[in-house]
Amino acid sequence: NQRIAEAHAALGMIYNKKDMLDEALSELKIALNINPDLIIIYQEMYLIYKKKGMENEANSALASYEKLKRSE
């Protein structure tokens with residue numbers, strides 16, 4: 001189902017494990033648009049951005065993760 005954020009997040013995680021980083025980010029961004037409160041998205045985006053050497057984006061994902069974690 002194209003409207004299930006968890007499915008897109010899971011696909012993004014699979015792509016990340018296969019080092020298909022651009023595809024992973026694409027799926028995670030779709031998941032984020034569907035459900036911006038899904039904390040696993042930010043965790044996975046952080047890991048991918050770190051792999052790609054994109055420190056600013058990684059820090060932004062980490063900050064979003066920490067903000068959501070505090071609000072739980």
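1. Packing of helices 2 and 3. In this predicted model, the axes of helix 2 (residues 21-34) and helix 3 (residues 39-52) come within 10 Å and cross at roughly 155°. Helix 2 is therefore roughly antiparallel to helix 3 (angles over 145 degrees count as such; axes are lines fitted to C-alpha atoms over the stretch in contact, with angles from 0 to 180 degrees between N-to-C directions). Helices are DSSP runs (H or I) of at least four residues, numbered from the N terminus.

2. Contact residues. Contact (heavy atoms within 4.5 Å) involves, among others, Leu 21, Leu 25 and Leu 28 of helix 2 and Ile 41, Met 45 and Ile 48 of helix 3. The residues of this contact comprise 11 nonpolar, no polar and 5 charged.

3. Helix 3. Its buried residues (under 20% relative accessible area, 1.4 Å probe, protein chains only) are Ile 39, Ile 41, Tyr 42, Glu 44, Met 45, Ile 48 and Tyr 49. Their cover includes helix 1, helix 2 and helix 4 (55-71). Gly 53, with a positive phi near 75°, follows helix 3.

4. Asn 16. This residue of helix 1 (residues 5-17) is buried, at a relative accessible area of 5%. Beyond its neighbours within four places in sequence, Asn 16 contacts Leu 21, Ala 24, Glu 44, Leu 47, Ile 48 and Lys 51.

5. Basis. Residues are numbered from 1 along each chain as its sequence is written, and side-chain values use heavy atoms, without hydrogens or water. Local features need pLDDT of at least 70 and side-chain atom pairs count only at pLDDT 80 or more, whereas totals for chains, interfaces and linings use all residues.

Technical notes:
Helices (H or I, at least four residues) and strands (E, at least two) are DSSP runs, numbered from the N terminus. Angles under 35 degrees count as roughly parallel, over 145 as roughly antiparallel, 65 to 115 as roughly perpendicular and the rest as oblique. Ala, Val, Leu, Ile, Met, Phe, Trp, Tyr, Cys and Pro count as nonpolar, Asp, Glu, Lys and Arg as charged, and the others, Gly among them, as polar. Buried means under 20% relative accessible area, exposed over 50%, partly exposed in between (1.4 Å probe, protein chains only).
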